[in-house]
Amino acid sequence: MHRNLKISVVIPCYNEEDGVREVIGRMPPAVDEVVVVDNNCTDRTAEVARSLGAKVVAERTPGYGAAYKAGLAAATGDIVVTLDGDGTYPPEEIPRLVDALEGRSWDFLSASRFPLSDPRAMNVSNRVGNWVLTVAAAVLFFKPIRDSQSGMWVFRRAALGRLRLTSDGMAFSEEIKLEALLRNLRFGEEHIPYGARVGEVKLQKWRDGWRNLTFLVRKRFGWV
């Protein structure tokens, strides 16, 4: 509990047994529930997560968005926090981010990685891709977002029912932020330190970047 609120953390995973061990090990005492989504893992991710006290949910539909939909449905906290299972996002920041959400009376907080605290944590091509997608989101939707691709969010679980979330893929990350803005939720961004990943890189940057860009266009014109 933090500020008398139950906090759930949702972590989507595809073969992240080393990363999820580190992430759960760094979880602050304020977190009440950790939900790990096993998205067709072939390693020991689910076993490791259970051994560390996490609730494990299996989701057979492949994709980042599909995993998140399953995990968010299973979360029971008043406040839901999301993290990747690779150690790049800081669990230690959760109490501070909840304080920011509460102190500013926001419904949805997106953690912004930029400017990077450690430039070595993200290569140049990924930085350029993030910039292109963030600018595209701002231009298409007239909504200012500093980091449209961030995978760490803090929001009131009660707000989730107001969001129309359609993507099963990587575009889910930009879609949930845009939905929060389009549904007039009280939205804000807060800077976080971003670190190097643990384990193998799963992102296919050119394919996923193109899909995210085309998703923005389709969503803008009501084609999803």
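1. In which strand is Val80 found? In this predicted model, Val80 belongs to β4, the strand spanning residues 79–82.

2. Burial of Val80. Its relative accessibility is 1%, and because buried means under 20%, Val80 counts as buried. Leaving aside residues up to four places away in sequence, Val80 touches Ser8, Val10, Leu72, Ala75, Trp153, Val154, Phe155 and Arg157. Val135, by contrast, lies 55 residues from Val80 in sequence and 27 Å from Val80 in space, C-alpha to C-alpha.

3. The sheet. An open sheet is formed by 7 strands, with mixed pairing and the order β3-β2-β1-β4-β6-β5-β7. The edges are taken by β3 (55–58) and β7; each has a single partner strand, so one side of each is left without a neighbour in the sheet. On average, and with direction ignored, neighbouring strands of this sheet are turned by 20° against each other.

4. The β2–β3 pair. Strand β2 (residues 33–38) runs parallel to β3, and 4 bridges join the two. Val35 has Lys55 of β3 as its bridge partner.

5. Helix α4. This helix covers residues 94–103, and its buried residues are Ile94, Pro95, Leu97, Val98, Ala100 and Leu101. Several strands are part of what covers these buried residues: β1 (7–13), β4, β5 (108–112), β6 (153–156) and β7 (187–191).

6. After the helix. Ser105 follows α4 and has a positive phi, near 55°. This backbone angle may be checked against the model above.

Conventions:
Residues are numbered from 1 along each chain as its sequence is written. This is a predicted model: local features need pLDDT of at least 70, side-chain atom pairs count only at pLDDT 80 or more; totals for chains, interfaces and linings use all residues. Side-chain values use heavy atoms; hydrogens and water are left out. Buried means under 20% relative accessible area, exposed over 50%, partly exposed in between (1.4 Å probe, protein chains only). Contact means heavy atoms within 4.5 Å. Two strands pair if DSSP finds at least two bridges between them. Axes are lines fitted to C-alpha atoms, for helices over the stretch in contact, and angles run from 0 to 180 degrees between N-to-C directions.
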